[in-house]
Amino acid sequence: MLRTDIVMRRATPDDNADLIALAEDVWPVAYAYAGSDYAQHTIDTWWNTEANLRSIDQTTMLVAVDGEQIVGMGNIDFRPDVPIIWKLAVHPRYQGWRIGLALLEELIALANQAPVRLAYAEGNEQAARFYASYGFEPIGRNEPEQPGWPGQVRVEWRPRQQPRSAH
Ligand SMILES: CC(C)(COP(=O)(O)OP(=O)(O)OC[C@H]1O[C@@H](n2cnc3c(N)ncnc32)[C@H](O)[C@@H]1OP(=O)(O)O)[C@@H](O)C(=O)NCCC(=O)NCCS
């Protein structure tokens, strides 16, 4: 069950420091299998102040908040032909409480029946199971940026065809 005291709202530039803190708690755990340099590269590249402010400005970013603390976030980018979820992350202490599911459902609802794409790191089995159970299907793979790092699994979710009404 999603805890009723978890609130979802749009991210603002004031959330930058909390987003960095979230990333520093999430990625070393999620990418423990891939090595600390890969986790640190992810934080440095995609969660620095400039990247955060750009994402808040140019994409639709939601945060899940427990009191004052940001415990999860996700964003969707409507600029490409097929909307892309670039980030989805829940604090390790809050994982398994359906906060990720609530964020994903809200982002997909915002896409209003459009297909949605995203990518996750190969070997991130938690993400693989999470997205597969939601109905995302593999559409491709990106090579690792550096030898020894994971590649990216690209997946897509498509809305179910609406059944035709019987006449
Ligand atoms: C992947 C992630 C976003 C999922 O969010 P979450 O809040 O932990 O997941 P939820 O509680 O919403 O899980 C929803 C469903 O996903 C599946 N699921 C989630 N985690 C799972 C796990 N570890 N093992 C098996 N199934 C899992 C289950 O089907 C679950 O449904 P259930 O509660 O009926 O079993 C979160 O674990 C996370 O932030 N991981 C680290 C960062 C990351 O990998 N992000 C995604 C890649 S970009």
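Strands and helices here are DSSP runs, E of at least two residues for strands and H or I of at least four for helices, numbered from the N terminus. I noted that this is a predicted model, in which local features need pLDDT of at least 70 and side-chain atom pairs count only at pLDDT 80 or more, while totals for chains, interfaces and linings use all residues. Residues are numbered from 1 along each chain as its sequence is written.

I then followed β1 to its antiparallel neighbour, strand β2 (residues 60-66), to which five bridges join it, and I found R9 bridged to V63 in β2.

Next I turned to α4, whose buried residues are I99, G100, L103, L104, L107 and I108. These buried residues fall within an arc of 165° seen down the axis of α4, so they line one face of the helix (the arc being that of the directions from the helix axis to the C-beta atoms). After α4 comes N112, with a positive phi near 55°.

Last, I looked up the ligand, which 19 residues surround, the closest being A30, V90, Q95, G100 and L101 (near meaning a C-beta atom, placed from the backbone, within 6 Å). Two or more shell residues come from each of α1 (16-30), β4 (84-90), α4 (99-110) and α5 (125-134), and α5 gives the largest share, five residues.

Technical notes: Two strands pair if DSSP finds at least two bridges between them. A residue is buried if 20 or more other C-beta atoms lie within 10 Å of its own, exposed if 12 or fewer, and partly exposed in between; C-beta atoms are placed from the backbone.
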